[in-house]
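Subject: Structure for you to look at

Hi,

Have a look at it first, then read on.

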Amino acid sequence: MNLAQILRLRGGPQHLPASWSLMVFLLSTYLVQNLVTGQQLDDQNAAAKSLLSICLQVVVLTGLLIWRKHPERFAQTMSALAAVGIFFNIVTWALLSLSDPTLNQPVLALVWFAVFIWSLFVDAHIYRNSLSVPFAIGMLVTVLILAASYVLIEMVFIFGNT
């Protein structure tokens with residue numbers, strides 16, 4: 001299975017179909033999943049935060065693919081990012097359902113941290129393949145997009161409410 005290969009860092013987005021309809025389906029599923037998870041966590045802005053984060057990723061990815069002269073890789077790359085996002089959301093939701101805020105759960109915290117690091121490596125691997133750059137550059141892109149997304153969401157939803 002192509003997603004399993006991507007998650008094991010053995011395959012890249014180039015192993016997914018170059019299908020715009022698949023990309024739209026995966027992005028829609030990812031958004032709905034974030035909305036449902038956000039509602040379970042009582043986050044009324046979950047859908048907007050998810051949409052904002054995805055829009056940022058689309059803009060940055062488009063710019064980077066144009067800069068690297070590979071715009072034809074957009075649908076496969078977004079499909080891969082959405083598919084692994086869905087997978088990691090399921091895993092983190094399962095971990096969240098196991099957590100108890102009244103208890104100190106260091107093993108669960110370590111597992112959660114390991115999943116977070118794994119997700120960073122998978123995203124970096126996807127960017128590395130899509131942009132034809134070294135893994136370190138893929139990781140830099142991943143971390144910068146994550147940081148920019150966090151800052152943008154904080155600016156819009158935290159500072160906007162004061």
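This is a predicted model: local features need pLDDT of at least 70, side-chain atom pairs count only at pLDDT 80 or more; totals for chains, interfaces and linings use all residues.

Leucine 108 touches Leu95, Leu98 and Ser99, where contact means heavy atoms within 4.5 Å and residues up to four places away in sequence are not counted. Leucine 108 sits in helix H5; helices here are DSSP runs of H or I with at least four residues, strands are E runs of at least two, and both are numbered from the N terminus. With a relative accessible area of 15%, leucine 108 is buried (buried is under 20%, exposed over 50%, partly exposed in between, using a 1.4 Å probe and protein chains only).

Residues are numbered from 1 along each chain as its sequence is written, and side-chain values use heavy atoms, with hydrogens and water left out.

On confidence, pLDDT is the predictor's own score for each residue, from 0 to 100. The protein chain has a mean of 91, and 97% of its residues reach 70 or more. Among its elements, H5 has the highest mean pLDDT (95) and helix H2 (residues 20–40) the lowest (91).

Now the helix packing. The axes of H5 (residues 106–131) and H6 (residues 135–158) come within 7 Å and cross at roughly 120°. Axes are lines fitted to C-alpha atoms, for helices over the stretch in contact, and angles run from 0 to 180 degrees between N-to-C directions. That makes H5 oblique to H6 (under 35 degrees is roughly parallel, over 145 roughly antiparallel, 65 to 115 roughly perpendicular, and the rest oblique). On the H5 side the contact includes Phe116, Leu120 and Tyr127, and on the H6 side Phe135, Met139 and Ile145 are among the residues involved. By class, the contact of H5 with H6 has 11 nonpolar, three polar and two charged residues (Ala, Val, Leu, Ile, Met, Phe, Trp, Tyr, Cys and Pro are nonpolar, Asp, Glu, Lys and Arg charged, and the others, Gly among them, polar).

H2 and helix H3 (residues 46–67) pack at about 145°, with their axes 8 Å apart. Leu27, Tyr30, Leu31, Asn34, Leu35 and Gly38 of H2 meet Ala46, Ala47, Ser50, Leu51 and Ile54 of H3. That contact has eight nonpolar, three polar and no charged residues.

Phenylalanine 157 lies in H6 and is buried at 13% relative accessibility. Leaving out residues up to four places away in sequence, phenylalanine 157 touches Asn45, Ala48, Lys49 and Leu52. Serine 19, in the loop between helix H1 (2–7) and H2, is buried at 19%.

Last, some backbone angles. Most residues other than glycine have a negative phi. Leucine 9 has a positive phi, near 60°; it is found in the loop between H1 and H2 and is partly exposed at 30%. Serine 132 also has a positive phi, about 55°, and belongs to the loop between H5 and H6, partly exposed at 40%.

Cheers
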